[in-house]
Amino acid sequence: MKLIDPLRLLSNFIKETSKYIANGRPQVTPLQYKERLDICNKCEHLRRTSFSCGLCGCYLGTKAKWATTKCPDKPERWSEIEER
């Protein structure tokens, strides 16, 4: 599996965290969280040993909880959630 550039990983983390905080730390519902994880568990980019995304490097246990995040590969898999 291809390694993710540490600077890219840091940049992704800062961007996602900043957006999450700026929007008031919105969380998805438990059902939305489960749906997101189910999608990630079927994805070819999932790094199973670390449960992280092979594209952005984010830890999915956290990223999937944040309503301000989306799938970095195909946002239609799961996207930002406007209504909370």
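View 1. Cys-40 is buried, with a relative accessible area of 7%; buried means under 20% relative accessible area, exposed over 50%, and partly exposed in between, with a 1.4 Å probe and protein chains only. The model is predicted: local features need pLDDT of at least 70 and side-chain atom pairs pLDDT 80 or more, while totals for chains, interfaces and linings use all residues. Residues are numbered from 1 along each chain as its sequence is written, and side-chain values use heavy atoms, with hydrogens and water left out. A disulfide is a covalent bond between the sulfur atoms of two cysteines. Here it is taken as a pair of cysteine sulfur atoms within 2.5 Å, and the structure holds 0 disulfides. Cys-40 is in no disulfide, as the nearest cysteine sulfur, that of Cys-71, is 6.7 Å away. Cys-43 is also buried, at 17% relative accessible area. The closest cysteine sulfur to that of Cys-43 is in Cys-71, 6.0 Å away and too far for a bond.

**View 2. The largest nonpolar core.** A nonpolar core is a set of buried Ala, Val, Leu, Ile, Met, Phe, Trp, Tyr and Cys residues joined through side-chain atoms within 4.5 Å. The largest one has 11 residues, including Leu-37, Cys-40, Phe-51, Cys-71 and Trp-78. Cys-71 touches Arg-77 and Trp-78, not counting residues up to four places away in sequence; contact means heavy atoms within 4.5 Å. Phe-51 is not a glycine, yet its phi is positive, near 45°. Phe-51 is placed in the loop between strand 1 (46-47) and strand 2 (52-53). Helices (H or I, at least four residues) and strands (E, at least two) are DSSP runs, numbered from the N terminus.

View 3. Leu-10 lies in helix 1, residues 6-22, and is partly exposed at 46% relative accessibility. With Phe-13 and Ile-14, Leu-10 forms a nonpolar surface patch of about 300 Å² of accessible area together. Patches take residues with over 30% relative accessible area and no salt bridge, joining like charges within 9 Å and nonpolar side chains (Val, Leu, Ile, Met, Phe, Trp, Tyr) within 5 Å. Accessible areas come from the Shrake-Rupley method with a 1.4 Å probe, and for residues only the protein chains shown count as cover. Thr-17, also in helix 1, is buried at 17%. The C-alpha atoms of Thr-17 and Thr-69 are 9.3 Å apart, although the two residues are 52 apart in sequence. Arg-25 sits in the loop between helix 1 and helix 2 (30-41) and has a positive phi of about 60° without being a glycine.

**View 4. Salt bridges.** Side chains of opposite charge can pair when their charged atoms come close. A salt bridge is a side-chain nitrogen of Lys or Arg within 4 Å of a carboxyl oxygen of Asp or Glu, and the structure holds 5 of them. Lys-34 and Asp-38 form one, at 2.8 Å from N to O. Both lie in helix 2, 4 residues apart, about one turn of the helix. Arg-77 and Glu-44 form another, at 3.7 Å from N to O. Arg-77 lies in the segment after helix 3 (60-63) and Glu-44 in the loop between helix 2 and strand 1, so the pair ties together parts that are 33 residues apart in sequence. Asp-73 also bridges to Arg-77, with the closest N and O atoms 3.3 Å apart.
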